[in-house]
Amino acid sequence: YRIVVPTPFPVGNVNMYLIKGDSLTLIDAGVKTKEAWHSFQQQLRQIGYAPSDIDQVVITHHHPDHVGLLDYLPDSLPVIGHWKADRWVRQDEAFFQQHQR
């Protein structure tokens, strides 16, 4: 299933995907805004799911419009992605302080 959520960025709306297999997998997690979260929940309901039904999340890359809604999902939810995105996904405070401009 394709889920489209709004962003405040010039890129416009972004796509997220929900794949049902052995597990219910969310591909990418949109941008961290209330509008995106509400849109995400509404579209999940339309296809018969709730955020609590998601078993895992796969992140294609660490940009804010792909990882933002992770903050709305349970911390216990497995998040899978490239090792270089790990510091962004975990929100490693030491990494962020080291790379502030």
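**Exercise 1. Start at Tyr72: find how exposed Tyr72 is, then work out which ring Tyr72 pairs with and what that pairing connects.**

Step 1. Tyr72 has a relative accessibility of 29%, so Tyr72 goes down as partly exposed. Keep in mind that we're looking at a predicted model here.

Step 2. Now look for the partner, Trp37. At 12% relative accessibility, Trp37 counts as buried. Trp37 and Tyr72 make a stacked aromatic pair, with 4.8 Å from centre to centre and 15 degrees between the planes.

**Exercise 2. Say how many aromatic pairs the whole structure has, and classify the one between Trp37 and Phe40.**

Step 1. Searching the whole structure turns up three aromatic pairs.

Step 2. For Trp37 and Phe40, the ring centres are 5.8 Å apart and the planes meet at 40 degrees, so call this pair tilted. The cut-offs explain the label: stacked needs planes under 30 degrees apart and edge-to-face needs over 60, with tilted covering the rest.

Step 3. Check the sequence spacing. Trp37 and Phe40 sit three residues apart in helix H1, which puts about one helical turn between them.

Step 4. Phe40 is buried, at a relative accessible area of 1%.

**Exercise 3. Follow Phe40 over to Ile3 and describe the surroundings of Ile3.**

Step 1. Ile3 is part of strand S1, and Ile3 is buried with a relative accessible area of 1%.

Step 2. Along the chain, Ile3 and Phe40 are 37 residues apart, yet 6.9 Å separates their C-alpha atoms.

Step 3. List the contacts, skipping anything up to four places away in sequence. Ile3 touches Val14, Asn15, Met16 and Leu18, and also Phe40, Gln43 and Leu44.

**Exercise 4. How many salt bridges does the structure hold, and which parts of the chain are tied together?**

Step 1. There's one salt bridge in the structure. Its partners are the side chains of Lys32 and Asp71, at 2.8 Å from N to O.

Step 2. Lys32 is in the loop between S3 and H1, while Asp71 is in the loop between helix H2 (64–67) and strand S5 (79–80), so the bridge ties together parts 39 residues apart in sequence.

Step 3. Is Lys32 buried or partly exposed? Lys32 is partly exposed, with a relative accessible area of 48%. Asp71 counts as partly exposed too, at 39% relative accessibility.

**Exercise 5. Take Asp28, an acidic residue with no salt bridge, and find what its side chain meets.**

Step 1. Locate Asp28: you'll find Asp28 in the loop between strand S3 (24–27) and helix H1 (34–46).

Step 2. Asp28 is buried, and the nearest side chain of opposite charge, Arg2, is 12 Å away.

Step 3. Look for a backbone partner instead. A polar atom of the Asp28 side chain lies 2.8 Å from the backbone nitrogen of Thr60.

Step 4. Leaving out residues up to four places away in sequence, Asp28 touches Asn15, Met16, Val58, Ile59, Thr60, His61 and His66.

**Exercise 6. Work out what the side chain of Thr7 does in its loop.**

Step 1. Thr7 lies in the loop between strand S1 (2–5) and strand S2 (14–20). With 17% relative accessibility, Thr7 counts as buried.

Step 2. Trace the polar contacts. The Thr7 side chain reaches the backbone oxygen of Gly12 at 2.7 Å, and a polar atom of that side chain is 3.2 Å from the backbone nitrogen of Phe9.

Step 3. Neighbours within four places aside, Thr7 is in contact with Gly12, Asn13, Val14, Val31 and Asp65. Thr7 and Val31 are 24 residues apart in sequence, with 6.2 Å from C-alpha to C-alpha.

**Exercise 7. Zoom out and sum up the chain.**

Step 1. Count the elements: four helices and five strands. From the N terminus on, the order reads β-β-β-α-β-α-β-α-α.

Step 2. Of the chain's 101 residues, 36% count as buried. The accessible surface is about 6,500 Å², and 50% of that belongs to carbon and sulfur atoms.

Step 3. Among contacts with a separation of 6 or more, 53% come from residues 24 or more positions apart.

Conventions. Residues numbered from 1 in each chain as written. Predicted model: local features only at pLDDT ≥ 70, side-chain atom pairs only at ≥ 80, totals over all residues. Heavy atoms only, no water. Helix = DSSP H or I, 4+ residues; strand = E, 2+ residues; numbered from the N terminus. Buried < 20%, exposed > 50% of the residue type's maximum accessible area, 1.4 Å probe, protein only. Contact = heavy atoms within 4.5 Å. Polar contact = N/O pair within 3.5 Å; in protein donor to acceptor, adjacent residues only side chain to side chain. Lys, Arg positive; Asp, Glu negative; His and termini not counted. Salt bridge = Lys/Arg side-chain N within 4 Å of Asp/Glu carboxyl O. Areas by Shrake-Rupley, 256 points an atom, 1.4 Å probe, with all protein chains shown as cover. Phe/Tyr/Trp six-rings, centres within 6.5 Å; stacked < 30°, edge-to-face > 60°.
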